[in-house]
Amino acid sequence: MAWVTLKQREAPALLRRRVQWLLAATALVFLPVVARLWYLQVLHGEEMRLLAENNRIRLHRVQATRGTVVDRYGRVVIDSRPSFDAVFVPEDAEDVAATVENLATLLGLNSAELRALVGKKGRRPFQETVVKRDLSFEEVAAVETHQWDLPGVSLQITPRRSYPHGPLLAHLTGYVGEVGPDELKQNDTYRMGDMIGKSGLERGWEHYLRGIDGGQQVEVDSLGRRLRVLNEVAEVPGHTVKLTIDLDLQQAAHRALGDRDGSVVVIDPRNGEILAMVSHPSFDPNVFARGIRSAEWRALITDRSRPLMNRAIQGQYPPGSTFKFIVAAAALEEGVINPFTRVFCPGGMAFGNHYFRCWRKGGHGSVNVHEALVQSCDTFFYQVAQRLGVDVIAAYARKFGLGAPTGVALEHEKGGTIPDAGWKLRRFRQPWYAGETLSVAIGQGYVTATPLQMANAVGMLATGRRFRPHFVLQVESPEGEVVAREEPEEVARLDVRATTLKQIRDALRDVVETDRGTGKKARLRGIAVAGKTGTAQVVKLGKDRSRPDRLPRHQRDHAWFVAYAPADDPEVAVAAIVEHADGGGGQVAAPLVRDVLSAYFALAQERQQRNYAQDRSAVDRAL
């Protein structure tokens, strides 16, 4: 009994000690936790609250829809369509590497490239990285189905640029692509992954087309998936740009050129509006809008036919005999010949130890300037060039706008070459030789010009005025208000006598309208056309040139034709070149231009009749 009593007396003390040790141990265990809670909730409470909010609520930028581009009659040339993009926020994934691997497998991406993309420097915390644009239906379904395997991955709908006519206008409209590091440095309103105009109209009119981005305050779950939109600021779409291009005429010019390499330019010589501009081969700008693949880019830049080159403004070709109307104008104006001056053409002309051939072996006999232009006699212009000298020829060529870019608002326009004695001395440190002037007289030698320059030059001959070519009519806000208008800009007037102009214009009319003319295949029923043929040598081949079909394709001549119509009241000017054609300008380029002019006047008549019918219906309804 005494032992029991002792045990009972000692038990509370032992229990108390044990409880004290237990409390002390518990305090030691929880003290760091309490300290950490105090640190987070009291000392950094406000900061932690903001972080938690950021983890739950995200600010999502809504890209503005780029402005629409339409032709002169309001038909869509460039538009935007909704597309699904896969985006990834690494902060929402516990195992980023596993998510990247799963994503690469599902979307058929290279996992190494995807890891590099996700780990790219410069990304802000919780900023979405676009891992693949414009997903197919199957890819959208795959991402949605495997959401649990893809924490941090979501889909977002963005406006995607669409070029419904594909390559038809690619060189003029250009294309868009993802903004680059240099562009980000120049303009901090862009973010990684944004699309920006890279070339052509898309680049030049970026500030009108881009629009103003909107934003959404979005609640997300622990995996970064959108739960609901809490607040929203609407985006402002870009402006609408109306072109001077006539889509029907552009298609007609494209059909006329066909699969042949070359260019066709159609302008209104009364104001410089570009009605059609074709360059073939071309490329599809849609592949840039969805994100061009490395293999596609390599194929484009290594293609020997150079589809990325806009031949209308970057193709520098010897103009051949289309240059002769400029030499004729110089000769008449400078008085070295008059309309009655005759030159005998036996089929060529000896000069020094070289014989310069005329394109017609048997010669043209005795010809004056009118006949020389109509029949494109080389010998006549060889002799005229000797009297003029290269410096005078160059001065007149520049009056017609050759030798310098036209100023059209497209990047990388070339100016061509109009040589003179000073140019050769600067370029080659050599004097000019008289024999070289003979080549210049027929648009060969060092002379080069672009199709746009030649269209502008023949348009200047037609009207006596030269305008800066342009392809935008006006810019309209989303509300339809005109915010900018492209006014015609006259850059020069042709200061030559009216008699000189009449002589040249009459001759160019007979080039097409008479059976002796080299351009008779451009003749139209009911509308007089004035034009000039040209066959530009690519390499010097001498007598072998008589059988062009035996030459390798890259050594064959280029075929030119420049024209305006109607001859008495010009409203349209055309320049066309077919590279390495199977025939001269009269056989290949003249019928091509005829088809383009035929389409132009047919469309004009059709629209005139339609407008008349509409006006008449309106009057009838009013009555």
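User: Which residue in the hairpin of β14 and β15 takes a positive phi?
Analyst: G352 does, with a phi near 60°. The hairpin has two residues between its strands. One caution before we go on: this is a predicted model.

User: How do β14 and β15 pair, parallel or antiparallel?
Analyst: Antiparallel, over four bridges. Strand β14 covers residues 348-351, and β15 covers 354-357.

User: And what stands opposite F351?
Analyst: H354, in β15.

User: Where does H412 sit, and what is its phi?
Analyst: H412 is in the loop between α17 (390-399) and α18. Its phi is positive, about 65°, although H412 is not a glycine. Most residues other than glycine have a negative phi.

User: Cis peptide bonds next. Which residues does the one with omega near 5° link?
Analyst: The bond runs from H280 to P281. P281 lies in the loop between β12 and α11 (286-289).

User: And where is P566?
Analyst: In the loop between β22 and β23. A cis peptide bond joins A565 to P566, with omega about -15°. Most peptide bonds are trans.

User: How many bridges join β11 to β23?
Analyst: Six, between residues 262-268 and residues 572-578. In one of the pairings, V266 has V574 in β23 as its bridge partner.

User: Which residues are closest to the centre of the largest cavity?
Analyst: Q63, A64, R66, P159 and M195, out of 14 lining residues. By class, the lining has six nonpolar, two polar and six charged residues.

User: Which strand gives the most to that lining?
Analyst: β5, residues 153-162, with three residues.

User: What lines the second largest cavity?
Analyst: V77, Y163, H165, G166, L169, T173 and P285. Four of the lining residues are nonpolar, three are polar and none is charged. The volume of this second largest cavity is about 50 Å³.

User: Last topic. How many aromatic pairs are there?
Analyst: The count is 15. One of them is W432 with Y446, a tilted pair. Their centres are 6.0 Å apart, with 55° between the planes.

User: Why does that pair tie together parts 14 residues apart in sequence?
Analyst: Because the two residues sit in separate loops. W432 is in the loop between α18 (421-428) and α19 (434-441), and Y446 is in the loop between α19 and α20 (451-463).

Key. Residues numbered from 1 in each chain as written. Predicted model: local features only at pLDDT ≥ 70, side-chain atom pairs only at ≥ 80, totals over all residues. Heavy atoms only, no water. Pairing = 2+ DSSP bridges. 1 Å grid on protein atoms, 1.4 Å probe; cavity = no way out; pocket = protein on both sides within 12 Å on 5 of 7 lines; lining within 4 Å. Nonpolar A, V, L, I, M, F, W, Y, C, P; charged D, E, K, R; others polar. Points joined across faces, edges and corners; volume = space filled by probe spheres on them. Phe/Tyr/Trp six-rings, centres within 6.5 Å; stacked < 30°, edge-to-face > 60°.
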